[in-house]
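Student: I would like to learn how to read a structure, one feature at a time. Please give me the idea first and then the case.

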Amino acid sequence: MPRPGSAQRWAAVAGRWGCRLLALLLLVPGPGGASEITFELPDNAKQCFYEDIAQGTKCTLEFQVITGGHYDVDCRLEDPDGKVLYKEMKKQYDSFTFTASKNGTYKFCFSNEFSTFTHKTVYFDFQVGEDPPLFPSENRVSALTQMESACVSIHEALKSVIDYQTHFRLREAQGRSRAEDLNTRVAYWSVGEALILLVVSIGQVFLLKSFFSDKRTTTTRVGS
């Protein structure tokens with residue numbers, strides 16, 4: 001026979017392990033209403049994306065230029081009728097939230113047409129709607145248990161961690177791009193300085209050589 005209180009202890013242990021297992025499962029990405037893409041945007045180019053959205057759905061568009069030029073890009077968002085909902089010129093990063101006023105295909109474009117020589121790397125996150133609840137409230141006759149409440153808190157914390165990791169990765173990629181660009185400029189400047197120093201040295205050698213070279217004098221006899 002099990003000792004008194006052992007059932008409660010086993011239930012507590014099972015509850016803790018069940019919550020941990022659920023937390024591990026939440027780390028695995030599942031289907032959602034968010035699209036995250038990083039793409040190359042060449043110079044003098046424009047790239048558009050399309051999303052079918054139902055009326056009343058809350059959406060958020062967030063973008064950031066990771067590499068290229070002054071790290072800026074033009075962004076434009078239109079509804080199914082072509083009405084401009086959002087338009088910004090030469091922005092490095094921004095976020096825009098709106099609620100779809102009608103059903104249809106929404107269009108958002110990134111433009112690098114103002115740049116002649118520099119291509120860009122752009123990241124955007126387009127969230128459509130809200131995540132479904134972890135524990136649906138339909139057909140429930142009781143409130144969330146302590147384990148379920150803890151799992152909901154862990155789920156929200158993991159979502160925040162994912163957002164922070166995304167922003168840190170973007171900042172790291174942008175910082176690495178700036179460092180590589182600075183390193184390239186320093187290398188070119190060093191090579192240019194070396195060439196200028198070589199030319200000046202050769203010029204000084206020839207100049208000093210001309211000072212010590214023998215000059216032939218020409219005499220002219222004057223007859224009476």
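Student: In which helix is Ser177 found?

Tutor: Helices (H or I, at least four residues) and strands (E, at least two) are DSSP runs, numbered from the N terminus. Ser177 is found in helix H2, which covers residues 146-212. Keep in mind that this is a predicted model, in which local features need pLDDT of at least 70 and side-chain atom pairs count only at pLDDT 80 or more, while totals for chains, interfaces and linings use all residues. Residues are numbered from 1 along each chain as its sequence is written, and side-chain values use heavy atoms, with hydrogens and water left out.

Student: Is Ser177 buried or exposed?

Tutor: Buried means under 20% relative accessible area, exposed over 50%, and partly exposed in between (1.4 Å probe, protein chains only). Ser177 has a relative accessible area of 14%, so it is buried.

Student: With which residues is Ser177 in contact, leaving aside its neighbours within four places in sequence?

Tutor: Contact means heavy atoms within 4.5 Å. On that rule, Ser177 is in contact with Ile66, Thr67 and Tyr71.

Student: How many helices and strands are there in the protein?

Tutor: The protein has 2 helices and 8 strands. Read along the sequence, their pattern is α-β-β-β-β-β-β-β-β-α. Among the contacts with a separation of 6 or more, 75% are between residues 24 or more positions apart. Of the 224 residues, 24% count as buried.

Student: How many disulfides does a search of the whole structure find?

Tutor: A disulfide is a pair of cysteine sulfur atoms within 2.5 Å. The search finds 1 disulfide. It is formed by Cys48 and Cys109, with sulfur atoms 2.0 Å apart. The pair links distant parts of the chain, with Cys48 in strand E2 and Cys109 in strand E7 (residues 104-111), 61 residues apart. The link is right-handed, with 105° about the S-S bond.

Student: What else lies around Cys48?

Tutor: Strand E2 covers residues 46-53. Leaving aside neighbours within four places in sequence, Cys48 is in contact with Lys107, Phe108 and Cys109. The C-alpha atoms of Cys48 and Phe110 are separated by 6.3 Å, although these residues are 62 apart along the chain.

Student: How many salt bridges does the search find?

Tutor: Side chains of opposite charge can pair when their charged atoms come close. A salt bridge is a side-chain nitrogen of Lys or Arg within 4 Å of a carboxyl oxygen of Asp or Glu. The whole structure has 5 salt bridges. One of them joins Lys120 and Asp72, with the closest N and O atoms 3.2 Å apart. Lys120 lies in strand E8 (residues 120-128) and Asp72 in the loop between strand E3 (58-67) and strand E4 (73-78), so this pair ties together parts that are 48 residues apart in sequence. Both Lys120 and Asp72 are buried.

Student: Which residue forms a salt bridge with Arg176?

Tutor: Glu172 does, and the closest N and O atoms are 2.6 Å apart. Arg176 is partly exposed at 41% relative accessible area, and Glu172 is partly exposed at 45%.

Student: Where does UniProt place the feature "transmembrane region"?

Tutor: UniProt positions are given in the numbering used here, feature names are shortened, and annotations may be inferred rather than shown by experiment. The UniProt record puts this feature at residues 188-208. Over residues 188-208 the chain is 100% helix and 0% strand, with the end C-alpha atoms 30 Å apart.
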